[in-house]
Amino acid sequence: MKGVWLPMGILLAWAALALLGPWWGLKPNAIHLERILNPPCPESWLGFDDLGRPLWDRLVVGARTSFLVAVGVVATAGFLGTLVGTLSGYLGGWWDHGIARIMDIFLAFPGILLAIALAGILGPGIENVVFALAAVGWVGYARLARAQVLSLRHHEHIQAAIALGSGIPRIVGRHLLPLILAPLIVEATFGVAGVVVAEAGLSFLGLGVQPPAASWGSMIRDGTRYLLVAPHMVLAPGIALMLVVLAINLLGDWLRDRLDVRQSRRK
């Protein structure tokens with residue numbers, strides 16, 4: 001438990017920046033021509049960018065962008081994938097065969113390339129980024145839910161529920177979902193890290209939020225042109241992105257160990 005406090009603190013700080021930032025009176029788009037490319041100073045903890053905008057204010061807005069996209073994508077993809085995978089594994093037959101083939105088609109394409117293609121077709125914008133990443137990310141949850149249900153549907157308590165006349169919604173909601181929830185939570189945790197990186201990548205390519213809105217990916221893209229004269233433009237969002245993703249992965253490892261029944265028994 002001791003080793004998880006630091007990752008949790010980083011993630012709580014990320015969430016606080018995202019949720020409380022709009023009430024802090026920030027001015028991420030305020031241009032100060034006399035402070036273009038200025039390094040960190042008392043007026044701005046992280047310095048100013050190539051247009052004289054305060055990087056701290058833009059970093060907070062970028063944290064909100066990544067947080068909203070991560071929550072939206074994981075919630076949408078997790079719900080859709082869990083629903084499809086659970087029904088596929090429980091019903092079996094032609095339904096399961098068809099869903100498995102659809103998942104194979106999605107897995108035949110690299111996820112980030114498919115997300116780039118969808119974002120390019122739909123156009124830039126935070127809503128389209130959420131849709132594109134969710135359309136790609138549901139497959140992982142569906143595969144995991146399907147595999148778990150296939151291993152559970154012939155257990156005695158499921159057969160007893162069927163014999164007592166329980167319907168599919170009751171069996172899935174009361175007897176299957178509680179048993180497959182732990183691995184899905186771990187999958188969702190790692191999924192947040194993947195979505196944060198993917199959103200930054202799409203914004204870096206110009207397919208995410210559009211100027212003057214801030215995103216960590218677009219901030220890194222803008223800073224690469226001034227890397228030698230103003231490295232703080234890249235270091236600030238880059239370090240923030242690294243810390244958030246690292247904290248999520250560490251928390252995911254801790255959750256996986258805590259929710260692993262076999263490992264708990266060994267202890």
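This briefing walks through the structure shown above, from its overall build to a few individual residues.

The model is a predicted one, so local features are described only where pLDDT is at least 70, side-chain atom pairs count only at pLDDT 80 or more, and totals for chains, interfaces and linings use all residues. Residues are numbered from 1 along each chain as its sequence is written, and side-chain values use heavy atoms, with hydrogens and water left out. The protein has 10 helices and 0 strands, where helices (H or I, at least four residues) and strands (E, at least two) are DSSP runs numbered from the N terminus.

**Overall build**

- Read from the N terminus, the elements run α-α-α-α-α-α-α-α-α-α.
- The C-alpha trace spans about 75 × 45 × 30 Å along its principal axes.
- The protein has 267 residues, and 42% of them count as buried; buried means under 20% relative accessible area, exposed over 50%, and partly exposed in between, with a 1.4 Å probe and protein chains only.
- Among contacts (heavy atoms within 4.5 Å) between residues at least 6 apart in sequence, 70% join residues at least 24 apart.
- The accessible surface comes to about 14,200 Å², and 69% of that belongs to carbon and sulfur atoms; such areas come from the Shrake-Rupley method with a 1.4 Å probe, and for residues only the protein chains shown count as cover.
- The 20 positive and 15 negative charges have mean positions 9 Å apart. Here Lys and Arg count as positive and Asp and Glu as negative, while His and the chain ends are not counted; each charge is placed at NZ of Lys, CZ of Arg, CG of Asp or CD of Glu.

**Helix α1**

- Helix α1 covers residues 5–20, and its 16 residues should span 22 Å at 1.5 Å a residue; the end C-alpha atoms are 21 Å apart, which agrees. The expected span is 1.5 Å times one less than the number of residues.
- Its buried residues are Pro7, Leu11, Trp14, Ala15, Leu17 and Ala18. They cover an arc of only 160° around the axis, which puts them on the same side of α1; the arc is that of the directions from the helix axis to the C-beta atoms.
- A handy background point: an α-helix has 3.6 residues a turn, so residues three or four places apart point the same way.
- Trp5, Leu6 and Leu12 are exposed on the face of α1 turned away from its buried side.
- The cover over the buried residues of α1 includes α2 (55–91), α7 (168–204), α8 (216–224) and α9 (232–259).

**Helix α8**

- Helix α8 is largely enclosed by the rest of the structure, because 7 of its 9 residues are buried.
- Those buried residues are Trp216, Gly217, Ser218, Met219, Ile220, Asp222 and Gly223.
- Their cover includes α1, α2, α7 and α9.

**Residues inside the helices**

- Arg58 sits in α2 and is buried, with a relative accessible area of 3%.
- Ala142 belongs to α5 (residues 126–152) and is buried, at 0% relative accessible area.

**Loops and backbone**

- Most residues other than glycine have a negative phi, and most peptide bonds are trans.
- Leu37, in the loop between α1 and α2, has a positive phi of about 65° although it is not a glycine. Leu37 counts as partly exposed, at 22% relative accessibility.
- Asn38 lies in the loop between α1 and α2 and counts as partly exposed at 26%. Leaving aside residues up to four places away in sequence, Asn38 touches Gly47, Phe48 and His232.
- Asn38 and Asp49 are 11 residues apart in sequence, with 7.3 Å from C-alpha to C-alpha.
- The peptide bond from Pro211 to Pro212 is cis, with omega near 5°; Pro212 is found in the loop between α7 and α8.
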